[in-house]
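Please look over the sequence and the model before reading on.

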Amino acid sequence: MDSPKITRPEFPKGYVDKPASYLTWAWVAEQLTEAKHYWLASVRSNGKPHVVPRWGVFIDNKFYYDGSPETRHARNILGNPNVTLHLESGEKAIILEGTSRPADKPDPEFAKQLAKAISAKYAVLGYAPEPNQWDEGGLYIFTPRQCIAWSKFNEDPTKFIFE
């Protein structure tokens with residue numbers, strides 16, 4: 001995936017009238033890579049929202065996470081793959097919109113990379129998957145369409161668009 005197009009998000013008058021700078025995608029990607037806790041919002045078939053904390057890894061501008069296909073969010077994305085993913089902070093906000101779907105069985109080398117990256121983050125919390133963990137499913141991939149982020153709301157709100 002190429003680097004995203006950088007622009008400014010639209011806000012009502014009086015919110016951010018004189019922004020001073022833009023964030024870089026490198027800064028955003030670093031925050032996404034280093035984060036341990038992510039929030040995923042999906043939509044139930046009746047239109048009601050569902051939000052759940054997720055563990056995962058951000059690799060090559062995509063977010064990989066796992067879980068049972070029986071979970072609410074996994075069932076939701078089968079009917080409507082449009083989701084929002086964001087980090088915990090509201091002060092340094094990163095809000096991504098895109099689609100999530102069940103991933104195909106990863107090739108062995110990528111499965112090793114995923115297992116190593118996930119284990120590096122979560123082994124201390126009791127989770128260290130083996131590379132063959134996703135051979136029968138349970139791996140999901142989030143692909144962003146756009147991202148709105150800021151490190152200082154009044155100074156650098158930035159919108160990234162993936163084409």
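Does Asn61 count as buried or exposed, and what is its relative accessibility? At 12% relative accessibility, Asn61 is buried, where buried means under 20% relative accessible area, exposed over 50%, and partly exposed in between (1.4 Å probe, protein chains only).

The model is predicted, so local features need pLDDT of at least 70 and side-chain atom pairs count only at pLDDT 80 or more, while totals for chains, interfaces and linings use all residues. Residues are numbered from 1 along each chain as its sequence is written, and side-chain values use heavy atoms, with hydrogens and water left out.

**Asn61 and its contact**

Asn61 lies in the loop between β4 (56-59) and β5 (62-66). Helices (H or I, at least four residues) and strands (E, at least two) are DSSP runs, numbered from the N terminus. The side chain of Asn61 makes a polar contact with that of Trp25, at 2.9 Å. Such a contact is a pair of N or O atoms within 3.5 Å; within protein, one must be able to donate a hydrogen and the other to accept it, and residues adjacent in sequence count only if both atoms are side-chain atoms.

Two strands pair if DSSP finds at least two bridges between them. Strand β6 (residues 82-87) runs antiparallel to strand β7 (residues 93-102), and five bridges join them. These two strands form a hairpin, with five residues between them. Within this pairing, His86 has Ile95 of β7 as its bridge partner. Strand β7 also pairs with strand β8 (residues 139-150), again in the antiparallel sense, over ten bridges. There, Glu97 stands opposite Gln146 in β8.

Gly137 is located in the loop between α3 (108-122) and β8. Gly126 is eleven residues away from Gly137 in sequence, and their C-alpha atoms are 21 Å apart in space.

Side chains of opposite charge can pair when their charged atoms come close. A salt bridge is a side-chain nitrogen of Lys or Arg within 4 Å of a carboxyl oxygen of Asp or Glu, and the count by this rule is one. It joins Lys112 to Glu109, with the closest N and O atoms 3.5 Å apart. Because Lys112 and Glu109 are three residues apart in helix α3, about one helical turn separates them.

| Residue | Relative accessible area | Class |
|---|---|---|
| Gly137 | 32% | Gly137 is partly exposed |
| Lys112 | 46% | Lys112 is partly exposed |
| Glu109 | 55% | Glu109 is exposed |
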